[in-house]
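Reader: I'd like to learn how to read ring pairs and helix packing in a model. Can you walk me through it?

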Amino acid sequence: MGSKITERLDHPPLNEQQIPERALRLWVSLAIALGALLRLALYLGNRSLWYDEALLALNILHRPFAGLFDTLDYHQGAPIGFLLLEKLATTIGGGSEFVLRFMPLLFGIGASFLFSQVARACLSRGAAPLAVLLFAINEPLIYYSSEVKQYSCDVAITLFLLWAIVRFLHSEMRVRSFCEMGLLGAAGLWFSHPASFLLAGSSVVLLLAVWGKSSAYLVRIVWIFGLWSISFALLYLFSLRGLGEDRVLGDFWHNYFPPHIFWSLETAQWLADRGLTVLGDPSGLATVLSAALFVAGCGALILKMKGDFVGLISSACFMTLLASYLHKYPLAERLLLFAVPIALLGVAEGATWLADTILRSAAARFGLVVLLLAQPVWLVTHSLISPRRPDDIKPAIDYILAHQQAGDAWYVYSQAQYQFRYYADLRHLTINVHVGANCAEDPSCYKADLDSLQKPRRVWVLFSHILVREQNDEEQIVLSQLDRVGTRQDEKRSPGARAYLYDLSAEAAIPSPKLVPSPANRSK
């Protein structure tokens, strides 16, 4: 009996261990620094702008500031505040990849600091450092911190507003606090579309916080809600209405909206899959383990009298689901990146609770940490060794420029034209270019398109964001038509992009290769 008691005393709960506050602050600071270095390393890799980035970059570079308030070209959508910051950066520093990705990098690094503040305010003492470490080494958060899209901004604004709401709930609720909360929420809507879900969900929590107080508090809360509503109404008129009316976007994201019948087994299965996706894909965690820890963490927070925080995130999740059910917000992986910090907070709290209540031995606790960190560490290590480079068109363009001869022509595959336009503008290229027709999987269309060329002796064929639909690979369709009229003399391959040199003066035609069956509607 005595030995068991001694064993328990040798390993007290994590939150009861006398870890100096200075040591905890140092741990958090080191984790934030590690996260910043990982994000900076990927940023300095300076990969090619991929298809989606190029589409948004063309809008930013080719429009004036006022033009960013209108519906964007190429079926793009982004918060107006984010677009204005990007425009300001490119106006000052030019249109290079480094400049375009500078704001996402700042948001990504700033989010690490904001996350540490939220974790220290909302989690138990032992869970906060673990949560900050999970956030720092999260591969999706690192990756999207160097992408010309709004996703890292969504994360930062979500954390900023979450921190502001928690601080407000624990303040003395003076007039200044109400004014700050109203203005911050109204401004945040213009920098992040998902911010509306957090603010709408927080309305219930804020109302309950002042319920029973004097009528002056209710009037101030109503003022906050009114200010948020006016800001959202203006945002809807300028931006969100156009996005909602874009049928192409609606069709593209069709599979990421819940089934029509909300109270059905199919919908429940779909929602469970989306929830596990948040924990598995964007969070970069082992799905089953992280889901169990997240549930345990939410329960632990409720038991520790932090139900207001759980209610806040639950209400925000409900509003997100409601928007998706109304086909206003698709629950796709990268569009759910803003929810990753919430998931990590719950997982860290759940891991600490498990260590405090069940895993009392040092070996068991160490095993839990290994299981929890194994996948994130593997993903971030792999990303450093072999970083993601989708639609890596720069090496293909560089190869053509280094090997082309006078009189050579360029044939740019239709899906590659937007990346090519960006790099042609950036490098001030003046070359003879034929942009291919958007023929999908129709070989006869490609045949007519290639026959319309003025038949130069040599033509460079540039591919990127190569689509594969049903049974047909569009790259192979184009190449089979080129093999029919010329001979392939050179090629350069990079992830998601290709460059081929064809001599169209050759008279002998090479038989077309068979098309390789591939999954429907994806790109190489």
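Reader: Which residues do ring pairs link into a cluster?

Author: Keep in mind that this is a predicted model. Here Tyr51, Tyr74 and Tyr418 are linked into a cluster by ring pairs.

Reader: How many aromatic pairs does the structure hold?

Author: There are 22 aromatic pairs. Take phenylalanine 160 and tryptophan 163: their ring centres sit 6.0 Å apart with the planes at 40 degrees, so this pair is tilted. Both belong to helix α9 (residues 151-169), three residues apart, or about one turn of the helix. Phenylalanine 160 is partly exposed at 27% relative accessibility, and tryptophan 163 is partly exposed at 24%.

Author: Now try phenylalanine 168 and phenylalanine 178. Their ring centres are 5.0 Å apart and the planes make 85 degrees, so call that pair edge-to-face. Phenylalanine 168 is in helix α9 and phenylalanine 178 in helix α10 (residues 175-188), so the pair ties together parts 10 residues apart in sequence.

Reader: Are phenylalanine 168 and phenylalanine 178 buried or exposed?

Author: Phenylalanine 168 counts as buried, at 3% relative accessibility, and phenylalanine 178 is buried too, at 2%.

Reader: What describes two packed helices?

Author: You use the angle between their axes and the distance between the axes. For helix α7 (residues 127-136) and helix α17 (residues 340-357), the angle is about 135 degrees and the axes are 8 Å apart. That makes α7 oblique to α17. The crossing is right-handed.

Reader: Which residues in α7 meet α17?

Author: On the α7 side they are Ala127, Leu130, Ala131, Leu134 and Phe135, and their partners in α17 include Pro341, Leu344 and Glu349. By class, the contact has 11 nonpolar, one polar and one charged residues.

Conventions. Residues numbered from 1 in each chain as written. Predicted model: local features only at pLDDT ≥ 70, side-chain atom pairs only at ≥ 80, totals over all residues. Heavy atoms only, no water. Axes fitted to C-alpha atoms, helices over the stretch in contact; angles between N-to-C directions. Helix = DSSP H or I, 4+ residues; strand = E, 2+ residues; numbered from the N terminus. Parallel < 35°, antiparallel > 145°, perpendicular 65-115°, else oblique. Left-handed = near helix turned anticlockwise from the far one by under 90°. Contact = heavy atoms within 4.5 Å. Nonpolar A, V, L, I, M, F, W, Y, C, P; charged D, E, K, R; others polar. Phe/Tyr/Trp six-rings, centres within 6.5 Å; stacked < 30°, edge-to-face > 60°. Buried < 20%, exposed > 50% of the residue type's maximum accessible area, 1.4 Å probe, protein only.
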